[in-house]
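Here is a friendly briefing on a few side chains worth a look in the viewer. Please keep the model open as you read.

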Amino acid sequence: MAVRPILIAGDPRLTTPAVPVTVFDEALAAFVDDLFDTNTAADGAGLAANQVGDPRAVFVYDLVDHGVRHRGCVVNPILETSEIPETMPHPDDDLEGCLSVPGEWFPTGRAHWAKVTGVDVGGRPLTVAGTGYFARCLQHETDHLGGRLYLDRLIGRNRREARRMLKARAWTTPGRSWLPGHEPKPVRQ
């Protein structure tokens, strides 16, 4: 098991849709262990394969929501949600961050309920559903595998502020990453 470097916004691998997993073997299981280790070292709620440069459709999650710990892995996820609000997100209650946009938080509109169907690392069918923060995580990680960062969901002044931040931090070019546990998480100066 190993902690892997996490790609930072601007890398085209983050905007490339994932490819379905077709081989369920020890190598996949070892990779999922690496995703968990990396997510833990980064103090994240979830991590998708393309965030560490792997094109496979797999993500892990490990978070506590309302006192309940949710931990697992979904391979080849398909997302279903309740209605996504079209109004401006609440500036405090709807804050969202991302390990590929480290140190930044923006209000992001998300559905209150989400369900992901897919398979586990052994290829067995599974369904995971939740509300609130857990639902936000499921939507966020599934978006990653579709080649979409949460910044793409921002609207109005939040979208404009995010664009300025990307330019100011020079996160418009590929090849940037950070290694959790070995170097500090990049934060806004």
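**Aromatic residues and their neighbours**

Phe-59 counts as buried because its relative accessibility is 0% (buried means under 20% relative accessible area, exposed over 50% and partly exposed in between, with a 1.4 Å probe and protein chains only). This is a predicted model: local features need pLDDT of at least 70 and side-chain atom pairs count only at pLDDT 80 or more, while totals for chains, interfaces and linings use all residues. Residues are numbered from 1 along each chain as its sequence is written, and side-chain values use heavy atoms, with hydrogens and water left out.

**Ring pairs**

- A search of the whole structure finds 2 aromatic pairs (rings of Phe, Tyr and Trp, the last by its six-membered ring, pair if their centres lie within 6.5 Å; planes under 30 degrees apart count as stacked, over 60 as edge-to-face and the rest as tilted).
- Phe-59 and Tyr-61 form a tilted pair, because their planes are at 50°, with the ring centres 6.3 Å apart.
- Tyr-61, with a relative accessible area of 7%, is buried.
- Tyr-61 also forms a tilted aromatic pair with Phe-134, at 5.2 Å centre to centre and 55° between the planes.
- Since Tyr-61 lies in strand β3 (residues 58-65) and Phe-134 in helix α2 (residues 132-145), this pair ties together parts that are 73 residues apart in sequence (helices, H or I of at least four residues, and strands, E of at least two, are DSSP runs numbered from the N terminus).
- Phe-59, Tyr-61 and Phe-134 are linked into a cluster by ring pairs.

**Charges over rings**

- Over the ring of Phe-31 sits the charged end of Arg-56, 4.6 Å from the ring centre (a charge sits over a ring if NZ of Lys or CZ of Arg is within 6 Å of the ring centre and within 35 degrees of the ring normal).
- Arg-71 has its charged end over the ring of Phe-36, 3.8 Å from its centre.

**Asp-65**

- Asp-65 lies in strand β3.
- The side chain of Asp-65 makes a polar contact with the side chain of His-66 at 2.8 Å (a polar contact is a pair of N or O atoms within 3.5 Å; within protein, one must be able to donate a hydrogen and the other to accept it, and residues adjacent in sequence count only if both atoms are side-chain atoms).
- Not counting residues up to four places away in sequence, Asp-65 touches His-70, Thr-131, Gly-132, Tyr-133 and Phe-134 (contact means heavy atoms within 4.5 Å).
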